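Okay, thanks for having me, everyone.

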Amino acid sequence: MEYGRIFNFSAGPAIMPVEVLEEVAAEVLNYRGSGMSVMEMSHRSKVFETIRNEAEADLRILMGIPDNYKVLFIQGGATLQFAMVPINLLQNGVADYIVTGAWSEKAYKEARKYGKINLLASGKASNYSAIPDVSDLPVSPDADYVYICENETIHGTTYSELPNTRGKILVSDQSSMFLSKPCNVADYGMIYAGVQKNVGPAGMVVAIIREDLIRKDLDPKTPVYLRYDTHAENDSMYNTPNSWAIYVCGKVFKYLLRNGGLAEMDKRNIEKAKILYDYLDESKLFHGTVAAKDRSLMNVPFVTGDAEKDAAAVKAMKEAGFENLKGHKSVGGLRASIYNAMPKEGVEALVDFLKKYEGV
């Protein structure tokens, strides 16, 4: 690896494209003749206004975002959206949630503070190793929205097909799969993603929301920063935004456009994941934990079946230069996050090591 870098399989903050980091490094002291770093400049300056506007424009091109959707850059991470979504979108006071892992479960519990939140379907019975059948669900007639976490970072499940919402708007947390494959934005009322998993540095969410869902008739006591209309009406600059994250994400958007867009990322991600899953399917020591049809291309959990053996394998991988392969503390085991920026060579090197470790 260049610059003495290791293969970083962290779930987030996660690996970023080297050429993006090189661009950032070259500009960190003096951004394009401005005499200052982006970290130092006013968010009200013409220079930063251009950075923000280009980031949004490039994201719209990447995803084919329709004109009637707003793109918002919001501080706070995805966890803040667990509250912002129900605060802003509940009108009848009813929503349906599909729980497929740790993050949708947290979102469901948070939303229950704000209305009648129905558990529409759950994968808990399978220990979140599979996505439940979502083709014919009893969606509530008065539901304001149906909520999913489209890719569960901890449990490694993802939707192969979106749920049948019976005409209700779909809200999706795409944090750990954002920009990993083509996305028809019009299928959703709202998409949001914490950027630190597959796009940029921690501390910001990208929210894409249909304009007619941005309400002004919220409870007057709603904190001003927790209102989507606050961000929409101020081009995400009601207050000082996470300007550094916007800047770096903008670099990543341009990188993706230069490298074939989301169709090319999907192709690469399918190829990379197949290398790892093929090994796990044949291994006598390790095995994956997710049903084949619901496997994530981004987050691959696997185990030996013995906690001590898992820990020993993590230790050996770390010593060999493979970092952050320990599974989330809530589930244990091992996990390889293989986001857009993880090169195919990194997955191949990991599999080669695991084969040698296993003695294959």
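So, the largest cavity has a volume of about 110 Å³. What you see is a predicted model, where local features need pLDDT of at least 70, side-chain atom pairs count only at pLDDT 80 or more, and totals for chains, interfaces and linings use all residues. Residues are numbered from 1 along each chain as its sequence is written, and side-chain values use heavy atoms, with hydrogens and water left out.

What do I mean by a cavity? Rolling a probe the size of a water molecule over the atoms shows where empty space is left. A pocket is an open set instead, with protein on both sides within 12 Å along at least five of seven lines. Lining residues have an atom within 4 Å of a point. Grid points are joined across faces, edges and corners, and a volume is the space filled by probe spheres set on the points.

Counting cavities of 30 Å³ or more, we get two. Which residues line the largest cavity? They are Tyr31, Arg32, Ile51, Glu54, Ala55, Asp58, Tyr247, Gly250, Lys251 and Lys254. Helix 2 (46–63) and helix 6 (243–258) are the elements that give two or more residues to that lining. By the way, helices (H or I, at least four residues) and strands (E, at least two) are DSSP runs, numbered from the N terminus. By class, this lining has four nonpolar, one polar and five charged residues. For the classes, Ala, Val, Leu, Ile, Met, Phe, Trp, Tyr, Cys and Pro count as nonpolar, Asp, Glu, Lys and Arg as charged, and the others, Gly among them, as polar.

The second largest cavity has a volume of about 60 Å³. Its lining includes Ile15, Met16, Pro17, Tyr255 and Ala341. How many charged residues are in this lining? There are no charged ones, with eight nonpolar and two polar.

Now for the open spaces. The largest pocket holds about 390 Å³. It is lined by 19 residues, and the ones closest to its centre are Tyr255, Ala341, Met342, Pro343 and Glu345. Helix 1 (18–27), helix 7 (261–282) and helix 9 (344–358) each give two or more residues to the lining, and helix 7 gives the largest share, three residues. Sorted by class, the pocket lining has nine nonpolar, two polar and eight charged residues.

Strands pair if DSSP finds at least two bridges between them. Strand 2 pairs with strand 8 (residues 204–210) in the antiparallel sense, over seven bridges. If you want a spot to look at, Gln75 stands opposite Met204 in strand 8.

Also find Ile191, in strand 7 (residues 190–194). Is Ile191 buried or exposed? It's buried, with a relative accessible area of 1%. Buried means under 20% relative accessible area, exposed over 50%, and partly exposed in between (1.4 Å probe, protein chains only). For contrast, look at Pro141, in the loop between strand 4 and strand 5 (146–149). Pro141 is exposed, at 73%.

There's also an open sheet of three strands, ordered 9-10-12, with antiparallel pairing. Here strand 10 (residues 299–303) and strand 12 are joined by four bridges, and Pro301 stands opposite Arg335 in strand 12.

Last topic: cysteines. A disulfide is a covalent bond between the sulfur atoms of two cysteines. Our cut-off is a pair of cysteine sulfur atoms within 2.5 Å, and the count comes to zero. Cys249 is buried, with a relative accessible area of 1%.

How values were computed. On a 1 Å grid over the protein atoms alone, a cavity is a set of points where a 1.4 Å probe fits but cannot get out, and a pocket is an open set with protein on both sides within 12 Å along at least five of seven lines; lining residues have an atom within 4 Å of a point.
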